[in-house]
Each structure stands twice: as structure tokens, then as C-alpha cells.
Amino acid sequence: MSAALVTGAGRGIGRAIALRLARDGHAVAVNDVDGGGAEAVAEEIGAAGGRSVAVPADVTDRDAVFAMVDRAADALGSVDVMVANAGVAQVKTLLEVTPEDLRRVFDVNVFGVLYCIQAAAERMIAQGGGGKIISASSIAGHSGFDRLGHYSATKFAVRGLTQAAAKELAPHGITVNAYCPGIVDTAMWELIDERLGEALDLGKGEAMAKYSELIALGRVQTPEDVAGFVSYLAGRDSDYMTGQSVMIDGGIVMV
């Protein structure tokens, strides 16, 4: 049985990914900085007949990430799929962004992703059977968004890390790809909606509705929409795919 580790999986997109990978037959290590959230999702997987373990950790702490991978491998026998999903967003104009803002967003979205790549690659190389590393980018990693400029910069960085890691790890049979969601109905987008509403003098839900008009398929994305694509990236059908950061956004940004 393949074993997957999903970060930021206590809620939202990460939870949907963990549940989908469990349904696909993977054993799943559920990470979140909120230990209670990680435990709840691991229990949900177990109640459905899957095999799961909670591995709480802060992805901004490199040593904690390596320890997290070790704990997952010890509990599940291996780590064959790493999904570096944990991320944060912040709504501010570039003229308002402080050094503290940059550190927080980059620590989670860039440093956290790199630490997951490093720890997973080290484990997969030692195991000798290859593996799949999958990271969270965004449509904001393909097109810079106003009032989300520093967030966009982190997601562009994930694309660069994905391409470089794909080249470096290919000799070990490890593929590296990223998924790029759009407007997803999660707590993160509720926060973005609230902050954009304050900045643009819009009511609750109006900012999301305004941006949702850009979606060609005409509906807001669900976490399950993202999880379905991650399922593909984690499975055998994507074995010949590496270095890609693919849009899964309903048709907002087309390249």
C-alpha cells in the first residue's frame, strides 16, 4: 500500500485531499499545525475503513518537518507521496506590506514547501522506490493579483521550486508537480473575501461573487475539485508528468 503525507490537512483543501487519497487506497498521514484538526481527519479516515495517522507539526520549522516525515514513515511503513498543501494568504497592497507580513507568508508558502520537498526527497531516495512530490501553487502563481502581490510572489516561487526539484530528483524516480487552484469555497477564501470587502467597500460575499464572475465554468470551486486532480498527480497515470504547475480553476487563468 502506498503511503501519502498531506500537510495543512486539518480542514479545507487539505482535508479533501487526505480523504480522497484514502479513498484511492493510500494510507494517509494527516498533518496540520492544529493537532486537533489533524486528529479529527485521521479519525474520519479510520472510521471509513482507511489507514491513517495524525502527525501535527509546523511546516515553517525545518527540523519539525523532517521529524514529521520520519513519524509518518514509522507509522505507515513509508512515505511515497508528499502533498505540501499548507498555505496562508493575506490581503494587502504592496505599499502596505511589512517585513513581518513577508516573513509570515513566505515562511509557510515557500520555506514550508521547500522543507517538505527536502524531507520527502531524502526519505524517498533512502527507500529507493521513487515517489511523488506535489505542492500547492495557485492561479496567483501564474498571474499576479492586486492586493495579493506578496501571496502571488510565494506561489510563483512554488512553481520555480517545482521545476528545479523535478530536474534534480528525476534520476531518483521522483516526480515533482504542483496544482494551481482558483477561487475555492474554503475558510481562506472567506478571509480573502472579508479583507477585499473592507478594502473595496463591499459587503460580505460580494468580493467573492465579483471575482467568481471570471470563472468560465460558472461556479465557485470546491475542495473536492482540487482533490480530484491531486488524486491524479498521486496516482500511476501521472508517472510521465513532472515539473508542471497545472491550473485547476474552472477557467479563470488560461495559459
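Ala, Val, Leu, Ile, Met, Phe, Trp, Tyr, Cys and Pro count here as nonpolar, Asp, Glu, Lys and Arg as charged, and the others, Gly among them, as polar. The model is a predicted one, with local features needing pLDDT of at least 70 and side-chain atom pairs counting only at pLDDT 80 or more, while totals for chains, interfaces and linings use all residues. Residues are numbered from 1 along each chain as its sequence is written, and side-chain values use heavy atoms, with hydrogens and water left out.

Pockets come next. A pocket is an open set of points on a 1 Å grid over the protein atoms alone, where a 1.4 Å probe fits, with protein on both sides within 12 Å along at least five of seven lines; lining residues have an atom within 4 Å of a point. Volume is the space filled by probe spheres set on the points, with grid points joined across faces, edges and corners. The largest pocket comes out at about 980 Å³. It is lined by 45 residues, with Ala86, Gly87, Val88, Ala89 and Met188 the closest to its centre. Two or more lining residues come from each of α1 (12-23), α4 (99-127), α5 (149-169), β6 (174-181) and α6 (187-200), these being DSSP runs numbered from the N terminus (helices H or I, at least four residues; strands E, at least two). Helix α6 gives the largest share, six residues. By class, the lining splits into 25 nonpolar, 13 polar and seven charged residues.

The second largest pocket holds about 230 Å³. Asp80, Gly131, Lys132, Arg236 and Asp239 sit closest to its centre, out of 14 lining residues. Its lining has two nonpolar, eight polar and four charged residues.

On to Tyr151, which UniProt, in an unreviewed entry, marks as "active site"; such annotations may be inferred rather than shown by experiment. Tyrosine 151 is in helix α5 and, at 10% relative accessibility, counts as buried (under 20% relative accessible area, 1.4 Å probe, protein chains only). Leaving aside residues up to four places away in sequence, tyrosine 151 touches Val88, Ala89, Val105, Asn109, Ser138, Ala140 and Met188, where contact means heavy atoms within 4.5 Å.

As for disulfides (pairs of cysteine sulfur atoms within 2.5 Å), the whole structure has zero. Cysteine 116 is in none, its nearest cysteine sulfur being that of cysteine 180, 17 Å away. Cysteine 116 counts as buried at 1% relative accessibility, and cysteine 180 counts as buried at 0%.

Conventions. Buried < 20%, exposed > 50% of the residue type's maximum accessible area, 1.4 Å probe, protein only.
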